[in-house]
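Q: Could you walk me through this model, starting with any terms I will need?

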Amino acid sequence: MAPSISAIRTLNASFSPLYLPCAVFIGGTSGVGQGIAEAFIRHTKGNAHIIIIGRNSSAAESIIASFHQPTSPSAKHEFVSCDVALMKNVQQTTQELQHCEPGYDRRYLMMLNARSDKPGFCRTRL
């Protein structure tokens with residue numbers, strides 16, 4: 001039998017990891033991606049390394065400004081600009097992210113929510 005919604009909410013409220021979680025939200029500047037980023041920050045009380053990847057820096061700055069202020073000095077909330085419509089941009093951003101935190105214990109939550117509605121769009125274009 002599936003757990004009740006109240007049991008799920010209680011479990012989420014008790015979330016207190018022994019490590020600083022790192023979450024990457026691709027397409028996190030609006031819609032579902034934004035909502036999940038905001039929910040994640042609420043459950044971690046701001047104590048997480050949040051990376052929002054997208055094209056709209058002003059939307060990302062506004063979202064990040066609304067986040068809980070962390071109590072952990074290691075916590076970071078940042079935006080990385082990337083148009084994921086082009087694979088070369090995804091590859092470049094991935095390389096940059098791999099090198100930004102040397103020695104960091106890589107425990108990531110990845111939220112992939114980006115899409116493009118451009119006519120003639122090709123998702124694998126290099």
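A: Two strands are said to pair if DSSP finds at least two bridges between them, and helices (H or I, at least four residues) and strands (E, at least two) are DSSP runs, numbered from the N terminus. This is a predicted model, in which local features need pLDDT of at least 70 and side-chain atom pairs count only at pLDDT 80 or more, while totals for chains, interfaces and linings use all residues. Residues are numbered from 1 along each chain as its sequence is written, and side-chain values use heavy atoms, with hydrogens and water left out.

Q: OK, in what sense do β1 and β2 pair, and over how many bridges?
A: Strands β1 and β2 pair in the parallel sense, over five bridges. Within this pairing, I26 has I53 in β2 as its bridge partner.

Q: What handedness does the unit of β1, α2 and β2 have?
A: Together they make a right-handed β-α-β unit; a crossover is right-handed if, with the strands pointing away from the viewer, the path from the first strand over the helix to the second runs clockwise.

Q: How many residues of strand β1 are buried?
A: In β1, which spans residues 22-26, five of the five residues are buried, where buried means under 20% relative accessible area, exposed over 50%, and partly exposed in between (1.4 Å probe, protein chains only). Both faces of the strand are covered, with C22, V24 and I26 on one side and A23 and F25 on the other.

Q: And I50, why does that count as buried?
A: I50 counts as buried because its relative accessibility is 0%.

Q: Which residues is I50 in contact with, leaving aside its neighbours within four places in sequence?
A: Taking contact as heavy atoms within 4.5 Å, I50 touches A23, F25, F40, I41, F67, K76, H77 and E78.

Q: Switching to helices, is T44 buried or exposed?
A: T44, in helix α2 (residues 31-44), is buried, with a relative accessible area of 7%. Beyond its neighbours within four places in sequence, T44 is in contact with F15 and P21.

Q: What about Q92, where is that found?
A: Q92 is found in helix α4, residues 87-100, and counts as partly exposed at 48% relative accessibility.

Q: Zooming out, what pattern does the chain follow?
A: Along the sequence the pattern is α-β-α-β-α-β-α-β, with four helices and four strands in the chain. Of its 126 residues, 35% are buried.
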